[in-house]
Amino acid sequence: MGYNIVQFFLPFTSYPYKGEAVPCPGCGETDSKPLVSLDRRLKRLPTSMCSHCGLLYTNPMPTDQELSTYYQDYYRFDYQAATTAPKERHLRKRRAEAAKRTAQVEGLLSPGMRTLDFGCGSGEFVGAMLEKGFDAHGFEPGDTYGNFARSLYGDRISVTGWQDFVATEPFDLVTCFHVVEHLRDPVAAMRQMAEWTRPGGLVYVEGPDLGTDDPNKGFGALHFAHLTGFNRHNFVVAAARAGLKPEQTVDPTGVIFRREEMDPQTVEEEARKGLELSEALYGEGRIVSSYLRYQMSKITGSRRSRRK
């Protein structure tokens with residue numbers, strides 16, 4: 001797959017990938033239904049809804065090689081307009097987020113415990129945990145941000161992908177913030193996170209919440225880099241398949257898990273609720289009407305969040 005600037009900006013055209021049909025990346029169900037064929041840039045991107053858990057996912061999905069080319073050559077510019085280093089505005093935002101996330105976990109850990117940040121970006125969470133006295137590490141597959149983080153924290157940062165990262169010792173906590181939605185196989189990634197933890201260790205995973213109507217952006221929430229769109233129920237279903245059980249809910253799709261099997265009946269109930277929620281938000285053409293309503297609210301200035 002190769003991008004050029006025309007393909008990037010031209011609406012109502014397809015992204016330059018062929019992809020392949022896949023089962024649901026969350027629950028493994030093979031049955032799904034086409035939901036919409038446009039993304040937030042009004043480019044053609046086919047999205048399906050799983051008929052079992054309601055997960056939204058790109059289908060056909062880019063292959064591993066197509067994604068590798070995209071992330072290696074284009075992602076940071078596409079996503080954050082960064083070419084050689086993170087921009088200062090990005091760094092300020094990520095430092096603030098890291099401070100909040102550190103506050104969520106520091107009470108669950110003892111000083112000096114080992115932590116790993118999966119897809120650490122430019123390293124803000126690693127830095128925040130080091131300041132709190134933890135033995136913090138991270139890895140980042142992208143050269144631009146990974147090398148920036150490594151320039152700050154040295155060998156604590158590995159510039160590599162999750163399939164190639166080697167843990168020499170187990171960790172007390174593995175974190176993963178807004179990464180799993182970028183992965184073809186989020187369950188395999190979460191299973192690996194669990195395997196990197198020591199007995200009794202924790203896994204804290206966070207991603208975008210597509211189970212909210214505050215606001216419901218419709219297909220404005222979809223784009224090429226995000227292969228999956230979780231709500232709070234199918235997020236738990238995917239984690240359960242990885243051998244994880246919720247320990248503490250921080251946000252609807254931000255959960256601290258423990259390595260423990262969930263009751264199968266509970267998992268099935270979460271899948272049912274996940275499908276019901278996705279149908280209510282996006283089914284029957286609502287993924288289009290909600291997009292139009294959201295865009296109109298931006299134009300008229302009537303958009304107000306109900307979140308406290």
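Predicted model: local features only at pLDDT ≥ 70, side-chain atom pairs only at ≥ 80, totals over all residues.
His178 occupies the loop between β7 and α7 (186-196). Its phi is positive, at about 55 degrees, although His178 is not a glycine.

Phe12 also has a positive phi, of about 60 degrees, without being a glycine. The loop that holds Phe12 runs between α1 (5-9) and β1 (32-38). Most residues other than glycine have a negative phi, and most peptide bonds are trans.

## Cis peptide bonds

Asn59 and Pro60 are joined by a cis peptide bond with an omega of about 5 degrees. Pro60 belongs to the loop between β3 (56-58) and α2 (64-73).

A cis peptide bond also leads from Asp214 to Pro215, where omega is near -5 degrees. Pro215 is located in the loop between β8 and β9 (228-229).

## The sheet and its helices

The protein chain contains 10 helices and 11 strands. Seven of the strands form an open sheet of mixed pairing, in the order β6-β5-β4-β7-β8-β11-β10. At its edges are β6 (157-158) and β10 (244-251), each of which pairs on one side only. Within the sheet, β4 (residues 114-118) and β5 (residues 135-139) run parallel and are joined by five bridges. Thr115 has Ala136 of β5 as its bridge partner.

Helix α4 (residues 88-105) packs on the sheet and touches β7 (171-177), β8 (197-206), β10 and β11 (254-259). The direction of α4 makes about 145 degrees with that of β8. Helix α5 (residues 124-131) packs on the sheet as well, in contact with β4, β5, β6 and β7. Between the directions of α5 and β5 the angle is about 175 degrees.

## Overall dimensions and packing

The radius of gyration of the protein chain is 19 Å, which agrees with the value near 19 Å for a compact globule of 308 residues. Along the principal axes, the C-alpha atoms fill a box of roughly 50 × 50 × 40 Å.

Of the 308 residues in the protein chain, 50% are buried. Among contacts with a separation of 6 or more, 66% involve residues 24 or more positions apart. The protein chain exposes about 14700 Å², and carbon and sulfur atoms supply 50% of this area.

Definitions and conventions:
Residues numbered from 1 in each chain as written. Heavy atoms only, no water. Pairing = 2+ DSSP bridges. Helix = DSSP H or I, 4+ residues; strand = E, 2+ residues; numbered from the N terminus. Contact = heavy atoms within 4.5 Å. Axes fitted to C-alpha atoms, helices over the stretch in contact; angles between N-to-C directions. Rg over C-alpha atoms; globule rule 2.2 N^0.38 Å. Buried < 20%, exposed > 50% of the residue type's maximum accessible area, 1.4 Å probe, protein only. Areas by Shrake-Rupley, 256 points an atom, 1.4 Å probe, with all protein chains shown as cover.
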